[in-house]
Amino acid sequence: NIGVVPVFDTPPENQLNQMKAQKIILLAGVTALFCACNSKPAGHFCVSGKISDADGREIYLYRISANRSTATVDTAVIGNGRFIFEGIQETPIGATLMMGDPRNWENKTRVGLFVEPGEIVVSGLMVSDFSNVAITGSPTTDEQKAYENSLQPFTEQMTRLHESIKVDPDNATLRDSLKILRESMQQTSIDFIRNNGKSFVAPSVLMQIQGNLDYPTMKELYDALAPEVQSEAAGTKKELEALEAVLPGKPAPDLINKNPEGKEIKLSDLKGKVVLVDFWATWCGPCVASLPHIQELYNKYHDKGFEVFCVADNDSSEDEWKNFIAGSKVGMQNYHHILRGLKTLTDENGEFVGFDRSNDQSDKYAVHYLPTKYLIAADGTIIGKIGTDEELDSILAEIFAE
């Protein structure tokens, strides 16, 4: 899914508690409308603005690294219709200026910008809506807006196509047009990164589209970033490492978790067999639609050494997962099953604050969409990521000499 760079959204939920601990309260008064003009240390930034009818309320500035691995929040109290944030930020970093609950996606009092050294002024703020603001003093924010503007023609056409598809969901021409638009949109993002390797917007764009890229393209774009910019692409570096680990010929990363009966099982236990690893979920329509074909292949090749190892994205609906397998009419009881291992985190009030990914099996295979399938050779090495049923049929027919 290609669109607005994610650093302009809510901070990573699993860092909310961390950010609360780092909160700095900045009192804004009459003298705080503009940044002081006296000499400032290197990397000093100032973000200031006016907002009416909000005295005494808090306004937040979230600074979020492009790879979303670190985040800080500053808080100012609005006084006399003014606020100001000051601090040190040596290189540009994506940020969100907002009021209200950061986890409320319907909150209209938020605006994205890049915080960088210098004086940044935000104007046009309304107490209930930040959608028509203007930001001056941040060249990187200007670059971000230019990038967003380059995507606007695609997003408008895609919106119209989505509406048409709702009316006529079986129209193949509409779906083909949507696919072409998505590819063109992605190419626009790729070209931006290639042509703007020194821009701190580039790692954010790369982070946004990397789930749709193959390894060679992602590595090319990562390598094209300037060294000082590349440090903001740690998330992409991690993704490249995961993708490199599952290139054809590499030893298959082990997948380990408990099966529906509560017994720990491992992918490595199946060494000596050809294994289809299927990342799926009970709520995923295309995943469920692919199950009858998997059953056909299992029935055809199991006696020759073919196994199916399923990793389900159902950690929040474990009973549904177990019941689906138990009641399956397409042979799922014969496969090996584990959950993904993505745990939900909540605060003391039971509110969702993020995820614990420390046991996330999907991360080992850089899974970004479902279904995702990999084929593992009998010697435990990666044969490859499977794109289509026809590709899987052809590879298995060759392996088993059909």
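**A pair of cysteines, and onward**

Begin by selecting C284 and C287, both of which are buried. Bear in mind throughout that this is a predicted model. If you show the side chains of these two residues, you can see the disulfide that joins C284 to C287, with a distance of 2.3 Å from S to S, and it is the one disulfide that the structure holds. A disulfide is a covalent bond between the sulfur atoms of two cysteines. Looking along the S-S bond, you will find that the link of C284 and C287 is right-handed, with 75 degrees about that bond.

Next, select N314, which lies in the loop between β13 (306-312) and α9 (318-326). Is N314 buried or exposed? N314 counts as buried because its relative accessible area is 0%, which is under the cut-off of 20%. The side chain of N314 makes a polar contact of 2.8 Å with the side chain of T282, and, leaving aside residues up to four places away in sequence, N314 touches A281, T282, W283, E320, W321 and L339.

Finally, move to the open sheet of four strands, whose order is β5-β2-β8-β9 and whose pairing is mixed. Its edge strands are β5 (82-88) and β9 (134-136), each of which pairs on one side only, and the twist from one strand to the next averages 15 degrees. Select β2 (residues 44-50) together with β5, and you will see two strands that run antiparallel and are joined by seven bridges; within this pair, V47 has F85 in β5 as its bridge partner.

Methods: Residues numbered from 1 in each chain as written. Predicted model: local features only at pLDDT ≥ 70, side-chain atom pairs only at ≥ 80, totals over all residues. Heavy atoms only, no water. Buried < 20%, exposed > 50% of the residue type's maximum accessible area, 1.4 Å probe, protein only. Polar contact = N/O pair within 3.5 Å; in protein donor to acceptor, adjacent residues only side chain to side chain. Contact = heavy atoms within 4.5 Å. Disulfide = S-S within 2.5 Å. Pairing = 2+ DSSP bridges. Axes fitted to C-alpha atoms, helices over the stretch in contact; angles between N-to-C directions.
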